[in-house]
Amino acid sequence: MAVFDLYSKRKKRALGEVHDVYQYDAIPVPLRVQLVHILDDVLGTEEEYYDSYKGVQKVHKLIVDILCREHGWFRLPTSLRDTNHFKQLRGFLLDETDVDKLLDAVEVSCRAIDKLTRNVDYRGERNNDKLADEALEEINTRMREHGVGYVFQNGEILRVDSQLLHSEVVRPALELLNEPGYEGVQEEYLAAHEHYRHGRAKEALSDCLKAFESMMKVICNKRGWSVGGRGTAGDLIKAIFDNKLVPDFWQSHFGSLRSTLESGVPTARNKLAGHGQGAEPTEVPADLVAYMLHMTGAAIVLLSERDKALG
């Protein structure tokens with residue numbers, strides 16, 4: 001169903017009452033109810049669960065079974081003491097107080113929408129690609145409307161710190177990494193976002209470096225460029241500049257590019273995540289990790305575009 005720009009929303013925008021800072025530790029009740037409405041639209045209603053649409057029962061059971069198995073439960077913990085998988089999932093979305101576990105349910109449900117509901121075999125002519133795409137887009141829109149800093153993309157729930165940076169940097173990077181040949185880079189970059197969402201800052205920085213290095217390795221291997229030294233990030237950066245991935249005449253305009261690549265992602269990781277931290281644990285600020293995620297995404301897109309420009 002389309003998202004309507006109601007009078008109350010327009011009034012809030014006019015009064016400056018829209019969310020400009022995301023929250024991560026609470027999912028508002030109205031958003032939970034909207035998620036239930038969306039799942040009813042595309043996964044099927046309670047009436048359809050009991051009706052002849054066996055696919056609706058199977059998919060709800062699959063979602064509940066995945067969550068129960070992964071968390072070590074026999075049934076979803078909700079206020080509804082019911083073995084009915086439809087009611088369990090609905091109750092869990094409405095009741096669960098642990099945000100990470102609730103997002104697990106949203107993520108698994110979104111994957112089911114994306115992978116299992118796109119053809120007429122699921123609910124007849126009610127389901128198609130358009131309905132699935134609109135449902136996933138609405139989930140992201142509702143999250144954004146409520147100032148909840150998460151988005152479903154590339155099959156995963158990702159944390160979003162800035163909608164502008166996400167749309168201009170992270171999303172293009174993820175779309176690029178869907179192309180064949182970038183599977184390793186995509187896995188590492190998504191892993192960095194997953195670590196970040198769960199507050200594992202050092203692991204996120206480590207996977208940023210891995211994704212950054214892997215992108216350069218993909219280009220060097222594709223073009224047969226030799227990489228000296230031990231094949232570290234610094235060696236890979238030298239190789240792509242020595243082989244004019246960035247033309248000489250651009251270097252006068254982007255003099256800081258090489259230093260940014262050399263001292264940005266790799267140095268932050270080496271200083272904060274890659275070595276022993278001594279007697280006192282080293283705290284990595286969340287805003288620094290977000291910056292590194294965005295820097296990594298921007299570097300990935302830039303390297304890809306320059307590689308394409310070489311022909």
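# Close-up views of a predicted model

**View 1. Helix α6 passes helix α8 in a left-handed crossing.** Residues are numbered from 1 along each chain as its sequence is written, and side-chain values use heavy atoms, with hydrogens and water left out. Helix α6 spans residues 99–116 and helix α8 residues 129–145; their axes lie 9 Å apart and the packing angle is about 155 degrees. That angle makes α6 roughly antiparallel to α8. Helices here are DSSP runs (H or I, at least four residues; strands are E, at least two), numbered from the N terminus. Axes are lines fitted to C-alpha atoms, for helices over the stretch in contact, and angles between N-to-C directions run from 0 to 180 degrees. The angle classes are roughly parallel (under 35 degrees), roughly antiparallel (over 145), roughly perpendicular (65 to 115) and oblique (the rest).

**View 2. Asp114, Arg118, Asp129 and Asp133 are linked in a network of salt bridges.** A salt bridge puts a side-chain nitrogen of Lys or Arg within 4 Å of a carboxyl oxygen of Asp or Glu. Arg118 and Asp129 form one through their side chains, at 3.3 Å from N to O. Arg118 sits in the loop between α6 and α7 (120–123), while Asp129 belongs to helix α8; the pair links distant parts of the chain, 11 residues apart. Arg118 also forms a salt bridge with Asp133, and here the closest N and O atoms are 2.8 Å apart. Asp133 lies in helix α8 and Arg118 in the loop between α6 and α7, so this pair ties together parts 15 residues apart in sequence. Arg118 is partly exposed at 23% relative accessibility. Asp129 counts as partly exposed at 43%, and so does Asp133 at 41%. The class covers everything between buried (under 20% relative accessible area) and exposed (over 50%), with a 1.4 Å probe and protein chains only.

View 3. Glu305 is partly exposed, at 43% relative accessible area. Lys308 is partly exposed at 45%. The whole structure holds 18 salt bridges.

**View 4. Helix α10 passes helix α16 in a left-handed crossing.** Helix α10 covers residues 183–197 and helix α16 residues 286–309. Their axes come within 11 Å and cross at roughly 160 degrees. The two helices are therefore roughly antiparallel to each other.

**View 5. Val29, Val33 and Leu94 form a nonpolar patch on the surface.** Together they have about 230 Å² of accessible area. Areas come from the Shrake-Rupley method with a 1.4 Å probe; for residues, only the protein chains shown count as cover. Patch residues have over 30% relative accessible area and no salt bridge; nonpolar side chains (Val, Leu, Ile, Met, Phe, Trp, Tyr) are joined within 5 Å, like charges within 9 Å. Val29 is in helix α2, residues 29–43. Val29 counts as exposed, at 55% relative accessibility.

**View 6. Gln57 and Phe86 have C-alpha atoms 7.6 Å apart.** Along the chain, 29 residues separate them. Gln57 belongs to helix α4, residues 54–71. Gln57 is partly exposed, with a relative accessible area of 26%.

Definitions and conventions
This is a predicted model: local features need pLDDT of at least 70, side-chain atom pairs count only at pLDDT 80 or more; totals for chains, interfaces and linings use all residues. A crossing is left-handed if the near helix is turned anticlockwise from the far one by less than a right angle, and right-handed if clockwise.
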